[in-house]
Amino acid sequence: MKVLVIQQRYGIGDMVIFTPYFHAISKKCKSPITILAKKSSKAEELFLQDKNIKEVIQLNNTNDGFFGFFKLLDEIKKKKFDSVVIFNGSLRYKLLAKLAGIKSIYQYPLFISKDVIFESAKKLSEKFTNLPVKTETKLFLDEINHNLKKKYLFDKEFLHILLGVSASGPTKRWDIKNFINLAKKISQIKKTKFYIAGGKNDENIISEVLNSDIGKNCFSLLDHNINECMFVIKNSNFGIFNDTGFLHISAAFKKKSIGIFIDSPAYSYSGYSEFIYPIVPEGESIKTTSHNTRGKDKVKVEMVFSKVLDILN
């Protein structure tokens, strides 16, 4: 059976969250699936070694949006899919599937909004497979021949901690000085190397870490691709992150991952995994922390450090 899965969200973390549903669909079909995904999700890199994924069709400026619809339709038609699973409530993608001649269409309710990302995906996947589907994520990475093995030794004399300082906007980013002060406190109890993960727009705040008192034991991942970041994350002890794609990659490698949620839906982006330890602003809960919480000044360094001590103990 040839199955197309459409997951068009922009983020890397979003794409990682959907991995158990991709795997469940592939297992039910007894064949790898094709994914339609945004370029920004980095799906091609994330699933480079995932045998459940046959191909990633990339949504870009030539086949996305109103004017790209017919080019995308032509591409989908040629592949002659038997079924499609659409992880959104868009009328556009339902129309795409029908015009492409796909007979079996599974989709969220049309125009669905404000759903819990992993709950909706689980429900649709279970409808397709007619089996219970777990929400824990998983990524695949061959470490044996990785090109970074010689660069990073991950010696056992040190703790190796990821600091995910990136975020999709300033209101979602815990202050970089807090990360620096937290790293100082950790370094006082255990020799530690820190790996600073961020995007192209984070160069200034990463430089601030590298130029700080802890800078000599810090390594920037700014010039690393996603696959290289995956290697470092998989070999680290644990991580401390804003609500960023690196948090979800870490959880997918079964690493204890502290997630600092200050202005995004904490439950939606942590409730799917036992490996994510969410921290929310004082006065909020995991369920109440969401967009417009604006709680960056209500998460103290001591709150996060206490969770680090829990992990170490």
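Q: What is the handedness of the crossing in which α7 passes α11?
A: In this predicted model, α7 passes α11 in a right-handed crossing. Helix α7 (residues 176–189) and helix α11 (residues 301–312) pack at an angle of about 35°, with their axes 10 Å apart.

Q: Which residues in α7 and α11 meet?
A: From α7 come Asn178, Asn181, Leu182, Lys185, Ile186 and Ile189, and they meet Val301, Glu302, Val304, Phe305, Val308, Leu309 and Leu312 in α11, where contact requires heavy atoms within 4.5 Å. By class, the residues of this contact divide into 9 nonpolar, 2 polar and 2 charged.

Q: Why are β6 and β9 said to pair?
A: Pairing calls for at least two bridges between two strands; β6 (residues 159–164) and β9 (residues 238–242) have 4 bridges in the parallel sense, and they therefore count as paired. Within this pairing, Leu162 stands opposite Gly239 in β9.

Q: What makes β8 and β11 the edges of the sheet?
A: The open sheet consists of 6 strands with parallel pairing, in the order β8-β7-β6-β9-β10-β11. Since β8 (218–220) and β11 (276–279) each have a single partner strand, one side of each is left without a neighbour in the sheet. From one strand to the next, the twist averages 20°.

Q: Which strands does helix α10 touch as it packs on the sheet?
A: Helix α10 (residues 245–252) touches β7 (192–197), β9, β10 (256–260) and β11, and its direction makes about 155° with that of β10.

Q: Which helix supplies the largest share of the lining of the largest pocket?
A: That share, 4 residues, comes from α10, while α1 (12–17), α9 (226–235) and α10 each supply at least two residues of the lining. The pocket holds about 1,300 Å³ of space, and of the 47 residues that line it, Tyr10, Gly11, Ile12, Gly13 and Ser168 are the closest to its centre. The lining divides into 16 nonpolar, 20 polar and 11 charged residues.

Q: What lines the second largest pocket?
A: This pocket, with a volume of about 390 Å³, is lined by 16 residues, of which Pro20, His23, Ala24, Lys27 and Lys134 lie nearest its centre. Helix α2 (residues 19–29) gives the largest share of the lining, 5 residues.

Conventions. Residues numbered from 1 in each chain as written. Predicted model: local features only at pLDDT ≥ 70, side-chain atom pairs only at ≥ 80, totals over all residues. Heavy atoms only, no water. Axes fitted to C-alpha atoms, helices over the stretch in contact; angles between N-to-C directions. Left-handed = near helix turned anticlockwise from the far one by under 90°. Nonpolar A, V, L, I, M, F, W, Y, C, P; charged D, E, K, R; others polar. 1 Å grid on protein atoms, 1.4 Å probe; cavity = no way out; pocket = protein on both sides within 12 Å on 5 of 7 lines; lining within 4 Å. Points joined across faces, edges and corners; volume = space filled by probe spheres on them.
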